[in-house]
Amino acid sequence: MASGTIRHWLWIAALLAACASVLAGWVTWRATLDRVMEETARRGDNVLQLASSSLTGQLDRFERLPALIAEQALIRQLAADPGNEALVAEANQYLERIQQMLDASDIYLMVADGLTIAASNHGQEKSFVGENFAFRPYFTEAMLGQTGRFFALGTTSLKRGYYFGAPVRGEGDIIGVLVFKVDLDAIEQTWLSGDYAVLVTDPDGVIFLSSRAEWLFHVLRPLDPAASARIAATRRYADTPIGLLDVADDHDDGTRHLLRIGSSEFVQRDMSMPRADWQVHVLIDTVAARREALTAAVVALLSVGVMALLGAMLWQRRLRLAERFQLQAEAQANLERRVEMRTAELKQAQADLVQAGKLAALGQMSAALSHEFNQPLAAARTYADNALVLLDRGRSGEARANIDRIINLISRLGTLSGHLRSFARKPGQKLGAVALPDVIEAAVEIATLRLKAAKAELTLRIAPDLPLAIAGPVRLQQVLVNILSNAADAAEGEDVPRITLDALAEGDHVVIRVSDNGPGVSEALRPRIFDPFFSTKGVGKGLGLGLSISYNIIKDFGGDIEVASSQAGGAVFTIRLLTASDENAVQISPAMPSAAE
């Protein structure tokens, strides 16, 4: 074959290789982008659910309180006699005490014309006393006998808050309105993150809560005249101008909603809060997703390009060898057949290794559970054989004792199986009085396999006469299993892994402490340890949601959870739950859901 012909075919091969590389890169980019964008959307749904739940929980906490305070004799007497200075002074002190005890933003009383006559901030420079808020919807709704609800920027304090208004009734008439103002800034602080933003918009689309301060009091789309008029009439945002975000693109790509603000593109997920008439939005930056897709595309393009280059080099060599060694064609064919046979043998060997790996993995997965069941089964078989011998010898009493032991072993197997089924069952939400020793025992049963795998020594120190705690048994069990498993992970690398669980009463709380002798959690990481998607484990060893979910479960119980350093140098997780006294049950009852645990 002439050299010119060889060069001609090499140019064609190079062109085809370049086209194949570009096509492979584009297909890989498209497929990877679709996958990571879908993962981003699912992550947004998780963040959206957490954000919506935290908002709902904060509102539920205060919703019933305004009506209760509005029924107090002091409040009703002052609303009926607003000129009584002694009653005004007493009411100011009373509202201030209630505000400090309940951690509300402000509490104040207005008479029928909207004038504020008493307030928890009566002694402050920007007191509400003497101000008239009759233009607020929560006032007009309460004067009609309804529960008023409204989110706004305070015209006096210039602080954001959610307002609850409750009617104050006289002898058959509504003579005033008692108002609770709830601060939501603390919840907003929990949303801070690098690659996602949480926004909450009012019925007119104005952003009034945001993890990005520069987006506050802006809209994604221009306000219509009716919305502008409503905002002005109610002075929802005082004199703050409503800005328009630089939305360059806003569309659905068929499976998800994409939004471009300025130079940043986001995947947008939305959820309605009908009771407050709000919309909660989560915007996750797509930079990481597009970077991952681009990286995969470049790798595919370079891989195909290198493979094509190697193929071209081999082809060129074969052409030249064919030109120079035409007489060796048969020998070359034999060599190629041997290469194919060797390749087939290698592929078969590789397949055999893969199959062996699969069988080994199956053996490891079943070993721990079969060991846990085999010991009681082997003992039961021994007791049964002995019982037959004893029966043959007429020693029925000893045989009955062996049968009792067999029944106890079967009960243990049933208990372990029951705990696993109970742990897997999806719980409801109702709280009640829970016996902690039973919950701890069930959690230890489930975590036993993980503790044995880590070779960890577990020490239980449960105080006698431990009072009942307010919780949901299945969800509390879930929290304890998660913390015990994390402790096993942390202590696994130690010479003698040790884990200690203490349960005791402290005042009106029941305290559970789980400590280990692992490396611990540094002070720099402790503020973030309960954040969603944050994990100190290696890549592929968890989503970073276990402690975040546990934190929200304990908060739902009205309790608290924190992490510190143990005396052994490891980590200690402390859970505080309210005891099931009548006083504590009343404190949490307004926010208690109704579904069965």
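Author: Grid points are joined across faces, edges and corners, and a volume is the space filled by probe spheres set on the points. Before we apply this, note that the model is predicted, so that local features need pLDDT of at least 70 and side-chain atom pairs count only at pLDDT 80 or more, while totals for chains, interfaces and linings use all residues. Residues are numbered from 1 along each chain as its sequence is written, and side-chain values use heavy atoms, with hydrogens and water left out.

Reader: How many cavities of 30 Å³ or more does a search of the whole structure find?

Author: The search finds two of them. The largest cavity has a volume of about 50 Å³, and its lining consists of Tyr108, Phe128, Phe133, Arg136, Tyr138, Gly154, Thr155, Thr156 and Tyr163. To sort such a lining, count Ala, Val, Leu, Ile, Met, Phe, Trp, Tyr, Cys and Pro as nonpolar, Asp, Glu, Lys and Arg as charged, and the others, Gly among them, as polar. On that scheme the largest cavity is lined by five nonpolar, three polar and one charged residues.

Reader: Which residues line the second largest cavity?

Author: Its lining is made by Leu59, Asp60, Glu63, Arg149, Tyr162, Phe164, Arg275 and Ala276. Two elements, α1 (3-62) and β4 (160-169), each give two or more residues to this lining; such helices (H or I, at least four residues) and strands (E, at least two) are DSSP runs, numbered from the N terminus. The second largest cavity has a volume of about 40 Å³, and its lining holds four nonpolar, no polar and four charged residues.

Reader: Where does Leu216 lie, and is Leu216 buried or exposed?

Author: Leu216 lies in the loop between β7 (207-210) and β8 (218-219), and with a relative accessibility of 16% Leu216 counts as buried. Setting aside residues up to four places away in sequence, Leu216 touches Arg160, Glu188, Ile207, Phe208, Leu209 and Ser210.

Reader: What order do the strands take in the open sheet of six strands?

Author: Two strands pair if DSSP finds at least two bridges between them. Here the order is β7-β6-β13-β12-β11-β10, with antiparallel pairing. Strands β7 and β10 (247-252) stand at the edges with a single partner strand each, so one side of each has no neighbour in the sheet. Within the sheet, β11 (residues 257-261) and β12 (residues 264-273) pair over five bridges in the antiparallel sense, and His257 stands opposite Gln268 in β12.

Reader: How many bridges join strand β19 to strand β20?

Author: Six bridges join β19 (residues 560-565) to β20 (residues 571-578), and these strands run antiparallel. Val563 faces Phe573 in β20 as its opposite residue, while Gly569, in this hairpin with five residues between the strands, takes a positive phi near 95°.

Reader: What is the phi of Lys455, and where does Lys455 lie?

Author: As a general idea, most residues other than glycine have a negative phi. Lys455, however, has a phi near 55°, a positive value in a residue other than glycine, and lies in the loop between α11 (436-453) and β15 (457-462). Lys455 is exposed, with a relative accessible area of 68%. Asp465 also has a positive phi, near 55°, and is found in the loop between β15 and β16 (469-471), where Asp465 is exposed at a relative accessible area of 80%.

Notes. Buried means under 20% relative accessible area, exposed over 50%, partly exposed in between (1.4 Å probe, protein chains only). On a 1 Å grid over the protein atoms alone, a cavity is a set of points where a 1.4 Å probe fits but cannot get out, and a pocket is an open set with protein on both sides within 12 Å along at least five of seven lines; lining residues have an atom within 4 Å of a point. Contact means heavy atoms within 4.5 Å.
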